[in-house]
Amino acid sequence: MSNFSRRSFLSRTTKATLAIGIGSSAMGSALMACSTGPQKDTVLDNLRTGFTQTDLPYGFAALEPHIDAKTMEIHYTKHAKSYADNLQEAAEEEDVDTGKPLEEVMMNISRYSDKMRNNGGGHYNHELFWKIMSPDGGGQPQGDLAQAINDSFGSYDEFVSKFEEEAKDRFGSGWAWLVLDRDKNLAVGSTPNQDNPLMNDVDFQGIPLMGIDVWEHAYYLKYQNERGEYISNWWNVVDWAKISERYERLKG
């Protein structure tokens, strides 16, 4: 093994070992804290992500003109479907119980293969992505979520600015997120590739409330290299009612 390969292996192994002891317990504790009390079953039912692709909650053309129909069709039927199919294969190969929430795998991802990581992350991320968009989206959050955004970022406009910065500055492919952290505070950040903040070995951790896909397949047919324009227009399809509902159930 070369010196570079040895260093890389040792670094990854050490990080994974620490992550299992620290990251997973932190996120696990946060999720458990959000899943206690009289609404426990409701919380688990609504946040649980399965291992199979669910139906798109609207038609391919429903988010026009902000996201075009052809992009949605390819994104859902090709890219997202591939992640779901490959996740099924990985689960079978690694003897993972597909009856449990995918979130459990995400919180312990350092124990699994790259195939599980890439496809489990891709599936989880897209399942959330479809849910937090709507043809009736846009506007601004209301109620407790609006207040939490003001408390955490100063104003809604400041939140949008920070979120867009994370999305635009993510080099290559990845996602930008709004999360609830272990202290039930809001934070924004980004992850590369198909990683997400639930994973126990990523730098930015939390429970996702919303995320935007900044892989080129999410926007290139319509926007080409104008990622910023795609991000700016995306706010018109954000379903704040759905995100607020998710926030209310998580914060307890």
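Guide: Let us start with two helices, where H8 passes H10 in a right-handed crossing. The model is predicted, so local features need pLDDT of at least 70 and side-chain atom pairs count only at pLDDT 80 or more, while totals for chains, interfaces and linings use all residues. Residues are numbered from 1 along each chain as its sequence is written, and side-chain values use heavy atoms, with hydrogens and water left out.

Visitor: What makes a crossing right-handed?
Guide: A crossing is right-handed if the near helix is turned clockwise from the far one by less than a right angle, and left-handed if anticlockwise; the crossing of H8 and H10 is of the right-handed kind.

Visitor: Which residues make the contact of H8 with H10?
Guide: On H8 they are Phe163, Glu164, Ala167 and Lys168, and on H10 they are Arg227, Gly228, Ile231, Ser232 and Trp234, where contact means heavy atoms within 4.5 Å. These residues divide into 4 nonpolar, 2 polar and 3 charged.

Visitor: Why is Asp201 called buried?
Guide: Buried means under 20% relative accessible area, exposed over 50%, and partly exposed in between, with a 1.4 Å probe and protein chains only. Asp201 has 13% relative accessibility, and therefore counts as buried. Its place is in the loop between strand S2 (186-192) and strand S3 (207-213).

Visitor: What makes the pairing of Asp201 with Arg117 a polar contact?
Guide: A polar contact is a pair of N or O atoms within 3.5 Å; within protein, one must be able to donate a hydrogen and the other to accept it, and residues adjacent in sequence count only if both atoms are side-chain atoms. The side chains of Asp201 and Arg117 make such a contact at 3.0 Å.

Visitor: Why is Lys184 called partly exposed?
Guide: Because its relative accessibility is 32%, Lys184 counts as partly exposed. Lys184 is found in the loop between strand S1 (174-180) and S2, and has a positive phi of about 65° although it is not a glycine.

Visitor: How do you know what counts as a helix or a strand?
Guide: Helices (H or I, at least four residues) and strands (E, at least two) are DSSP runs, numbered from the N terminus. Helix H6, for instance, covers residues 114-131 and has 18 residues.

Technical notes:
Expected span 1.5 Å × (residues − 1). Nonpolar A, V, L, I, M, F, W, Y, C, P; charged D, E, K, R; others polar.
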